[in-house]
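Subject: Handover of a structure, with findings

Dear colleague,

Please find below the structure that I am passing on to you.

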Amino acid sequence: SQIRTNMINMLARTYRSAPLGVILAALDLKDADALKEFGSKVMVSGEGTETETPIVEKVEGDLVTFAASEENMKRVGSAYKEGVGYDDVAAMMFKTALRGQ
């Protein structure tokens, strides 16, 4: 679905890595295999993207690593931090949408 695609794009822009359980819950997916399958179909987008690269780089144990991007690499500590809620992600999505207009 488009909502799930938008969510994984926002998570990948925000985090270089995050706990598997958090990503599964945010995307309403059941397990790592479902995430790998879905993530392999969503490609990294944005400036400087010349080749098609899956948005999920790898899933190892309970950690998801997103493909490196200008967005998720420009901040020190772009790994998931406990306490960042859906309201925070929604606010970031809203700001991103406004910039795109």
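A residue is called buried here when its relative accessible area is under 20%. Please bear in mind throughout that this is a predicted model. By that cut-off, helix 1 has the buried residues M7, I8, N9, M10, L11, A12 and T14.

Overall organisation

The chain contains 5 helices and 3 strands. The chain has 101 residues, of which 34% are buried. Among contacts with a separation of 6 or more, 62% are between residues 24 or more positions apart.

Helix 1 and its neighbours

Much of what follows concerns the first helix. Helix 1 is made up of 13 residues, and the distance from its first C-alpha to its last is 18 Å. That is close to the 18 Å expected at 1.5 Å a residue.

How is helix 1 placed against helix 2? The axes of helix 1 and helix 2, the latter formed by residues 20–27, come within 9 Å and cross at roughly 150 degrees. Angles over 145 degrees count as roughly antiparallel, and helix 1 is therefore roughly antiparallel to helix 2. On the side of helix 1, the residues that meet helix 2 are R4, M7, I8 and L11. Their counterparts in helix 2 are I23, A26 and L27. Sorted by class, this contact of helix 1 with helix 2 has 6 nonpolar residues, no polar ones and 1 charged one.

Helix 3 provides another partner. The axes of helix 1 (residues 2–14) and helix 3 (residues 32–41) come within 11 Å, and the crossing angle is roughly 90 degrees. Angles of 65 to 115 degrees count as roughly perpendicular, so helix 1 and helix 3 are roughly perpendicular to each other. Here R4, T5 and I8 of helix 1 meet L35, F38 and G39 of helix 3. By class, the contact of helix 1 with helix 3 has 3 nonpolar, 2 polar and 1 charged residues. R4 and I8 are named in the contact with helix 2 and again in the contact with helix 3.

T5 belongs to helix 1. Setting aside neighbours within four places in sequence, T5 is in contact with F38 and V42. T5 and L27 are 22 residues apart in sequence, while their C-alpha atoms are 8.6 Å apart.

A12 also lies in helix 1. Is A12 buried or exposed? Its relative accessible area is 6%, so A12 is buried. Beyond its neighbours within four places in sequence, A12 is in contact with I55, F66, S69 and N72.

Salt bridges

Side chains of opposite charge can pair when their charged atoms come close. How many salt bridges does the structure hold? There are 3 salt bridges.

One of them joins the side chains of R16 and E57, with an N to O distance of 3.2 Å. This pair links distant parts of the chain, 41 residues apart: R16 is in the loop between helix 1 and strand 1 (17–19), whereas E57 is in strand 2 (residues 56–60). E57 is partly exposed, its relative accessible area being 43%.

Another is formed by K41 and E37, whose closest N and O atoms are 3.5 Å apart. Both residues are in helix 3, and because they are 4 residues apart, about one helical turn separates K41 and E37. K41 has a relative accessible area of 60% and is exposed.

A further salt bridge pairs E60 with K58, the closest N and O atoms being 3.7 Å apart. K58 is partly exposed, with a relative accessible area of 36%.

D28 sits in the loop between helix 2 and helix 3. Its phi is near 55 degrees, a positive value in a residue other than glycine. D28 is exposed, and its relative accessible area is 62%.

Yours sincerely

Definitions and conventions. Residues are numbered from 1 along each chain as its sequence is written. This is a predicted model: local features need pLDDT of at least 70, side-chain atom pairs count only at pLDDT 80 or more; totals for chains, interfaces and linings use all residues. Side-chain values use heavy atoms; hydrogens and water are left out. Axes are lines fitted to C-alpha atoms, for helices over the stretch in contact, and angles run from 0 to 180 degrees between N-to-C directions. Helices (H or I, at least four residues) and strands (E, at least two) are DSSP runs, numbered from the N terminus. Angles under 35 degrees count as roughly parallel, over 145 as roughly antiparallel, 65 to 115 as roughly perpendicular and the rest as oblique. Contact means heavy atoms within 4.5 Å. Ala, Val, Leu, Ile, Met, Phe, Trp, Tyr, Cys and Pro count as nonpolar, Asp, Glu, Lys and Arg as charged, and the others, Gly among them, as polar. The expected span of a helix is 1.5 Å times one less than its number of residues. Buried means under 20% relative accessible area, exposed over 50%, partly exposed in between (1.4 Å probe, protein chains only). A salt bridge is a side-chain nitrogen of Lys or Arg within 4 Å of a carboxyl oxygen of Asp or Glu.
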